[in-house]
Amino acid sequence: MSTVAFPFKEEDPDLVLANVAVAASNSRIDMVWAVGESEVVSAGVPAIAMATGTSVEVIPDSRIGIFRPGKGDAMNTALRRAVADGVDRIHFYDADITNFDHGWIDGAEAAADLGYQAVRHTFPRAATDAMITWMVTKPMLAMKYPGTVLPTIGQPLGGELLLVGDAIEAVATSPGVSARSDWGIDTLPTHAMVASGRSLYEHHVSAGKSHSLYGSLDELKTMLVECFDAVANLPDDQPPEVDHAREDESPAPETLRSQTGYSVDRTRPLLASPLASGEAEVIASLPGAIPARVHRMMTTGDVDYLDEHVWWEILLVASEGFTLGDPAWESLLFRLWTGRVLNYTHTHVSRGYDAALAYLAGTIRSYQTNSGLSVK
Ligand code: GDX
Ligand code: MG
């Protein structure tokens, strides 16, 4: 029995319903859950169930985790229901995908047919999209788990994945996963699946994932701090080697190669935002010349110093000192990440899509080889 779950919050109900209809009309799918609350979505599902013969339900988020109530509660709601209903395969897809089609489901089902216990979707992304993935999650996974598959996973934060058989229960009952009600939810199952030794297949969606992008990087502040907290607090034990396969990546479509993931003009002023209470002291605790460069960045906008080496030092310090909910650390992490993303945009994105992506991949390899330094 295969089920598809779409967590949705403030999405266009017609888009949610369109995606539900695609999933419900797939011959491999027996059940579709739209996880969230909307009268319009609820009113629209009976017609989809009638037309497709697939069971379709709207399930409100249960309060399960201990962090900010968010996407994590929605995913955990679906995971618990899947265990209770004895679901064999559960797919997750973001509800805001505008190019969702049967290929997303069929590709994952085909990998599960080969015996893989977890399938994650990968897809080409704009050079300035995925800036939390490239600047936080992948570097931290590389520093913590250098010799494992974790830093090499294409989309470790992607909301598109399939869990099979007892991998569902393993993830659903993992205390770390259940606790993570916020954006940290994307990190925890990625780690839990590998840590429990499950085989992993990465299915490549060559058209890319079309969904709502961002204006200023400010919109990503909550996601940044929650994703950082999630990865920084993963256990130190090295996960085992797992059976892993990845489909070849096709060249990124032209539209993505030239797409901008965020607005540079609306982001630059964020560097100079007022210091939060206690932030000056946290800046002063950073090593070497970094404190002086941070203050200079705030007055002149100079982000030249924020290359991959300085960023690595900052991640090391932050992985010890950062506390979720501490305004000083949250403000500083966001300010530094903003500067790091602007540095990368000026220095590398300006050289073209292929060069930018090659640079990002190179930073992750270099973080993997700098192992041995303590990362919490
Ligand atoms: N039920 C419910 N409750 N759904 C939620 C909630 C919530 O509190 N918050 C978000 N969602 C839904 C949302 O409607 C969408 O369908 C999905 O979760 C993802 O949210 P979105 O705002 O589209 O996230 P974004 O910025 O596109 O990030 C996604 O991709 C990131 C990535 O791949 O880098 C999302 O899956 C992230 O978790 C992921 O890190
Ligand atoms: Mg989205």
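User: What makes up the lining of the second largest pocket, by class?

Analyst: The lining of the second largest pocket holds 15 nonpolar, eight polar and seven charged residues. Ala, Val, Leu, Ile, Met, Phe, Trp, Tyr, Cys and Pro count as nonpolar, Asp, Glu, Lys and Arg as charged, and the others, Gly among them, as polar. The model is predicted: local features need pLDDT of at least 70, side-chain atom pairs need 80 or more, and totals for chains, interfaces and linings use all residues. Residues are numbered from 1 along each chain, chains are lettered from A and ligands numbered from 1 as written, and side-chain values use heavy atoms, without hydrogens and water.

User: Why is a space called a pocket and not a cavity?

Analyst: On a 1 Å grid over the protein atoms alone, a 1.4 Å probe fits in a cavity but cannot get out, whereas a pocket is an open set with protein on both sides within 12 Å along at least five of seven lines. The volume is the space filled by probe spheres set on the points, which are joined across faces, edges and corners. The second largest pocket has about 550 Å³. Its lining, meaning residues with an atom within 4 Å of a point, has 30 members, with Trp-134, Lys-138, Gly-154, Glu-249 and Leu-357 closest to the centre. The largest pocket has about 1100 Å³ and 45 lining residues.

User: Which residues around ligand 1 come nearest?

Analyst: Glu-11, Asp-61, Asp-94, Asp-186 and Tyr-214 come nearest, out of 24 residues around ligand 1; a residue is near if one of its heavy atoms lies within 4 Å.

User: What makes a pair of atoms a polar contact?

Analyst: The pair must be N or O atoms within 3.5 Å. A polar side-chain atom of Glu-11 lies 2.7 Å from an oxygen atom of ligand 1, and a backbone N or O atom of Val-35 lies 2.8 Å from a nitrogen atom of ligand 1. A polar backbone atom of Gly-70 is 3.4 Å from an oxygen atom of ligand 1. These distances are within the cut-off, so the pairs count as polar contacts.

Notes
Polar contact = N/O pair within 3.5 Å; in protein donor to acceptor, adjacent residues only side chain to side chain.
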